[in-house]
Amino acid sequence: PAQQPADKPKATPNHNAPLKNAPLCIKIDVEPTNRQNVGYSLMFNVDTVATGLRYGVEVKDRKTMLKVYHQTFLGVDALDWLTQHALKAFMVKENANPNEAPGERLKILSRSAALLLAQRLLETEVFRQVNKSKATNVFEDPGSLFRFREDEKAGPVLNTRHVWNCRARPPVIVAADLVHKAMLLHLTHRSQHPAENSPEWKGFMEVAEELQMVDISLLFRRAEVAFFLNLHNALMIHTHLVRQTADGENLKRLRLKLLRLHQYRVGGQFYCMETMQTRLIKPKGGAQASNAGAAEPRLRFAISFGCVSSPDVKVYSVDNLDQELTQAAATICSKEVSVVLSPDPRGVKTVMLPKIFKWYAKDFGNDRREVLLFAANHVGATLSEELRQLAQSGSFRTQYLEYDWRKRPFGRPP
């Protein structure tokens, strides 16, 4: 006899779930292929499925092509377990007799749903594939190996050890909360890495893992700046904590390595400190006519590297971003900008500037006069007037202070 066509399941997002602390679910819609079958939907909780799958497959070291893959499981085993899990759910939904063998239709339906579930678990990084496969569907390839995220050793991505299975808060709130908790960790712990079972570390890591589910695609420019500023400085502190950077260690030689060493997973993208800085200083789409566009030079006084000469870390907000960036620039300029009389018979004055003005001179103006005017806007009234007069006359020398690359001590404000 001709085989009865199976209903066609498809996964759709659950739009009715709350936006905060709601479990991530996969909705399977079963569409009837004939008039006899009635369509319906089933909801699968990702966290529940992932927990069950953990106990449903064999995790062990496996050797393939002379290479050992530690703590892995077979994709076909995962697919078989998910098929049985889906079959039980469909039988309950259709009031099928559990003592009777399921029909061919339910078997096909369960296998299709299992493939959808497996793909969704892979996309949400409950596990990842560790070897290559040429199969159309990797879960049907007997040689495909996968590893749960919690079995991964600490690597360059710092916030994917566990999967965030809840709806995320707005991105700017998550980033602000993260840098705030990072600052507290820096204050309360010395050069040693905080204990992983401490409440402070657990709270910090939960917020870091929440970044996996944030959506930054719709952020307007000012919100994007606040988000990446806080995220950058949080990752900076996180990197030093994981690396166990010693107080006073000279970071100049390690600068580029540290900028690229660790990353955060943000939504579906990965960002290291270097890519965050690029996103801040050179936004996508080029120059933008916005309030934040004129504030780009001040970002140099907000991006911290954890050195003695780096800017202080603070929580930046969307609403007060302009004032906070101005204050960040004023804090450094008021402390480091000065005018001294040069040992020159003509009495030419020398303007002392932070090294930032030399490294990123083009950010502050097209020539040295414009650079001086930028500094004048961020110092006290008396010094500001003197700098403006020097800029107008053009008769001045410029000298830059040495940058202190020593790591700021833990236990003090970052």
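Reader: What stands opposite V340 in strand 11?
Author: T350 does. This is a predicted model, where local features need pLDDT of at least 70, side-chain atom pairs count only at pLDDT 80 or more, and totals for chains, interfaces and linings use all residues. Residues are numbered from 1 along each chain as its sequence is written, and side-chain values use heavy atoms, without hydrogens and water.

Reader: Why are strand 10 and strand 11 called paired?
Author: Two strands pair if DSSP finds at least two bridges between them. Four bridges join strand 10 to strand 11 (residues 349-353), so they pair. They run antiparallel. A strand is a DSSP run of E, at least two residues; a helix is a run of H or I, at least four; both are numbered from the N terminus.

Reader: Which strands form the open sheet, and in what order?
Author: Three strands form the sheet, in the order 10-11-12, with mixed pairing. Strand 10 (338-341) and strand 12 (396-400) are the edge strands, since each pairs on one side only.

Reader: How do you know that strand 8 and strand 9 pair?
Author: Strand 8 (residues 263-266) and strand 9 (residues 269-272) share four bridges, antiparallel. Y264 stands opposite Y271 in strand 9. In this hairpin, two residues lie between the strands, and G267 takes a positive phi near 65°.

Reader: What does F357 touch?
Author: Contact means heavy atoms within 4.5 Å. Not counting residues up to four places away in sequence, F357 touches F301, C333, F364, V371, F374, A375 and Y400.
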